[in-house]
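Dear colleague,

I am handing over the structure that we talked about, and below it I have written down what was found. Please keep it open while you read.

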Amino acid sequence: AYVLYTSGSTGQPKGVMLTHGGMSNRLRWMAAHYGMDENEVVLQKTTYTFDVSVWELFLPLMIGGVLCFAKPGGEKDPEYLYRLIDEQQITTLHFVPSMLAAFLHTLPDDASFSRLKRCICSGEELSIEVKDRFFRKMPGVELHNLYGPTEASIDVTAYEVQAADRLIPIGKPVANTRLYIVT
């Protein structure tokens with residue numbers, strides 16, 4: 001289906017070929033797991049060289065939802081993103097945790113999100129500090145921590161973060177996926 005470049009665990013850049021089956025499985029899991037339908041408005045702001053862009057681009061099209069593109073470079077502007085989320089009635093978006101921290105830092109204390117249902121985080125460790133700030137500044141919005149190497153069609157585990165969590169795990173396997181812990 002596509003090729004992405006990654007350094008993975010080796011530190012050496014390499015192209016990883018991903019299959020239609022893996023991509024389809026991941027998209028179908030996400031739609032079912034989060035109860036997503038034609039009423040979704042997904043914000044696409046991730047560069048196409050990062051695997052998250054795959055679900056941002058194709059998931060809303062697969063479920064008959066709305067795909068909203070951020071302007072080029074807009075992903076780096078927290079104030080622009082806040083306005084866009086509000087104006088376009090975004091329901092689902094993604095942040096790497098470091099960008100979520102920057103977004104939350106600039107977010108007004110009285111910010112409100114009328115339709116935003118969920119924020120997906122992946123790509124880095126989600127810290128307790130960012131999680132705590134998220135729940136203070138974005139009450140009523142779900143926070144999800146996903147994990148997966150590029151080689152495995154975006155994400156392989158998912159966890160719905162709770163405000164009281166003192167540890168944020170990588171979660172449980174997505175559909176049709178098994179995890180092996182090697183010691």
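Helix H3 (residues 78-87) packs against helix H4 (residues 97-106) with the two axes 9 Å apart and at an angle of about 80 degrees, where helices (H or I, at least four residues) and strands (E, at least two) are DSSP runs numbered from the N terminus. The axes are lines fitted to C-alpha atoms, for helices over the stretch in contact, and the angles run from 0 to 180 degrees between N-to-C directions. That angle makes H3 roughly perpendicular to H4, since angles of 65 to 115 degrees count as roughly perpendicular, those under 35 as roughly parallel, those over 145 as roughly antiparallel and the rest as oblique. On the H3 side the contact (heavy atoms within 4.5 Å) is made by Pro78, Glu79, Leu81, Tyr82 and Ile85, and on the H4 side by Met99, Ala102, Phe103 and Thr106. These residues divide into seven nonpolar, one polar and one charged; Ala, Val, Leu, Ile, Met, Phe, Trp, Tyr, Cys and Pro count as nonpolar, Asp, Glu, Lys and Arg as charged, and the others, Gly among them, as polar.

Please note that this is a predicted model, in which local features need pLDDT of at least 70 and side-chain atom pairs count only at pLDDT 80 or more, while totals for chains, interfaces and linings use all residues. Residues are numbered from 1 along each chain as its sequence is written, and side-chain values use heavy atoms, with hydrogens and water left out.

Now to the strands. From strand E3 (residues 41-44), Val41 and Leu43 point one way and Val42 and Gln44 the other way, and all are buried, that is, under 20% relative accessible area, with exposed meaning over 50% and partly exposed in between (1.4 Å probe, protein chains only). E3 pairs in the parallel sense with strand E4 (residues 66-69) over four bridges, pairing being assigned if DSSP finds at least two bridges between two strands. Gln44 has Phe69 of E4 as its bridge partner.

Finally, the loop between strand E7 (142-147) and strand E8 (157-161) holds Thr150, which counts as buried because its relative accessibility is 12%. Leaving aside neighbours within four places in sequence, Thr150 is in contact with Leu4, Thr6, Val16, Leu18 and Asp51. Ser153 is in the loop between E7 and E8 and has a positive phi of about 55 degrees although it is not a glycine. Ile154 also lies in the loop between E7 and E8, and its phi is near 85 degrees.
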